[in-house]
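Here is a colleague's note for someone new to this entry. Please keep the sequence and the model open while reading.

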Amino acid sequence: MKKTQKTNRMTNLLLGLTLSLTGLAACGTDGNPGPNPGPGVTVGKALQSACKTESKSDTGGLAFGAFKAEPRGDKLVIAHTDARYNCAAKLDLKVTVNGHTIRVEEIILNPTETARCMCNFDLSAEVSGLPKGHYDLELIDAEGKSAAKTTALVGEQVPAVGATYQSACKAETKSDSFGAGLKTEQKDGEVIVRHEDARYNCADKLRMDAELSGDTITVREVVTSTEKALCMCNYDLSVSLKGLKGGAYKLKVVDADGKEIGQTTVTLP
């Protein structure tokens, strides 16, 4: 009797272990691999285009092309265009949402299969169920390197934002302290926002985005380049905002580190 009970316990233990291992093996085989992207958030199946451009050279590495995120209601379409990988690569995207930070990791599903060429692919995935707000996204390539960053605004009114003006480097310095000089101007229904002497790396290329929440306009500065130099520069940045209804707004500018540069009040007729 004791031997039978012991045998049954051993059988149940082995069965439980087998089921656990089966569950682990199944995790991530369909759609996005790895952990759940976030509470209430779902990620659609990643799409990979056919090879767009074939090359015998692998110069440029995997961080190639453009990374963007396009809001569509409570959904976000994440895309990496012209991602350079081996011609035989089958690719997937693992999307993880942590608060308002989104990490997008590119996964090679068949790492042992290779060809003697490199290809440019377009990769995309749709994320749904995101709460309203501003999101910071980072792209991690299949080598585990940070390839690009971008931002997106989900579910809020977005002012029409013109192209960002960035001056040439006004003053070069080894210091990394950030200057601050916020100015606004109204012209023909537009609000022109200026950040004078914005201190960034000498190699930085910048973009200014804007979002509207209630009566607060937040202008965010975003570094769009990945190159860095061993110096800092002072730049003048400006952008125009259109499509705002009449009324009083609180306007603030936030730099690429998330620090508030300054704020002011704008009243539109």
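1. Basis. This is a predicted model, in which local features need pLDDT of at least 70 and side-chain atom pairs count only at pLDDT 80 or more, while totals for chains, interfaces and linings use all residues. Residues are numbered from 1 along each chain as its sequence is written, and side-chain values use heavy atoms, with hydrogens and water left out.

2. Make-up. The chain has 1 helix and 20 strands. These are DSSP runs numbered from the N terminus: H or I of at least four residues for helices, E of at least two for strands.

3. Burial and surface. Of the 269 residues in the chain, 38% are buried. Buried means under 20% relative accessible area, exposed over 50%, and partly exposed in between (1.4 Å probe, protein chains only). The chain exposes about 15100 Å², and carbon and sulfur atoms supply 52% of that area. The areas come from the Shrake-Rupley method with a 1.4 Å probe.

4. Contacts. A contact means heavy atoms within 4.5 Å. Among contacts with a separation of 6 or more, 68% involve residues 24 or more positions apart.

5. Disulfides. The count is 4, taking a disulfide as a pair of cysteine sulfur atoms within 2.5 Å. With the bonded cysteines numbered in sequence order, the pairing runs 1-4, 2-3, 5-8, 6-7.

6. Cysteine 87 and cysteine 117. Their sulfur atoms are 2.2 Å apart. Cysteine 87 sits in the loop between strand 5 and strand 6, and cysteine 117 in the loop between strand 7 and strand 8, so the bond ties together parts 30 residues apart in sequence. Both cysteines are buried.

7. Cysteine 169 and cysteine 233. Here the S to S distance is 2.0 Å. Cysteine 169 is in the loop between strand 12 and strand 13, cysteine 233 is in strand 18, and the two are 64 residues apart. The link is left-handed, with -90° about the S-S bond. Are its two ends buried or exposed? Cysteine 169 is partly exposed because its relative accessibility is 37%. Cysteine 233 is buried, at 2%.

8. Strand 19 (residues 247-254) and strand 20 (residues 260-268) pair in the antiparallel sense over 8 bridges. Pairing requires at least two DSSP bridges between the strands. Alanine 248 has threonine 267 of strand 20 as its bridge partner. The hairpin has 5 residues between its strands, and glycine 258 in the turn has a positive phi of about 85°.
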